Amino acid sequence: MSENVLDLLNEQMNFEYESAYLYKAMSAYTDDLDLDGFTSWLDIQVEEEIMHGEGMRKFLQSVGYKPHYTSISEPKSEYSSVTEVIKEALEHEKEVTRRITHIADLARENDHRVFSFIQWYIDEQVEEEENFTKMLTRLERIGDDWHSVYMLDNELGKRGPAEAPDINL
């Protein structure tokens, strides 16, 4: 098993926890705006990111790698708009995709167990980017029309709770 690939997976595990922290700060911003649907939606993202990190931790331990945790930097907490929040969330998800794809590329050559494991995360990233892209498109179309923002907020509040990843460990 490639120690380099496992180290990168451990780094990604920490980045998933950092993602949760970022989304929690975004959630606090939308909560301050009394946008309960956005807040709930982002809080579910927080739960998903923690579950993603936990899935990676469990995998690392299952192959005999002892996970190590790194510090999480303070996330941005002030935004100019909800549109900025979602735009930055999309950019963050694109970075997650880039990192996971890099792990998969290296694992394809050096570590088939990690390659098999990381496939679920690749598929998940397609969904994550699609969700944020659609939301951003809608917000950009809405502009400063708060009536429409509240309609979208109501729709986002209907999202169900996060489900544990269906990852075979």
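Two residues are said to be in contact when heavy atoms lie within 4.5 Å. The model is a predicted one, in which local features need pLDDT of at least 70 and side-chain atom pairs count only at pLDDT 80 or more, while totals for chains, interfaces and linings use all residues. Residues are numbered from 1 along each chain as its sequence is written, and side-chain values use heavy atoms, with hydrogens and water left out.

Asn10 belongs to helix H1, which spans residues 3–32; helices are DSSP runs of H or I with at least four residues, numbered from the N terminus. Apart from neighbours within four places in sequence, Asn10 contacts Leu60, Tyr65, Pro67 and His68. With a relative accessibility of 1%, Asn10 is buried, a term that means under 20% relative accessible area, whereas exposed means over 50% (1.4 Å probe, protein chains only).

Glu109, in helix H3 (residues 82–110), is exposed, with a relative accessible area of 62%.

A nonpolar core is a set of buried Ala, Val, Leu, Ile, Met, Phe, Trp, Tyr and Cys residues joined through side-chain atoms within 4.5 Å. The largest such core comprises 24 residues, and Met26, Phe38, Ile86 and Met135 have the most contacts inside it. At least two of its residues come from each of H1, H2 (36–62), H3, H4 (112–142) and H5 (146–156). A second, separate core has 21 residues, including Met56, Val96, Ile103 and Ala104.
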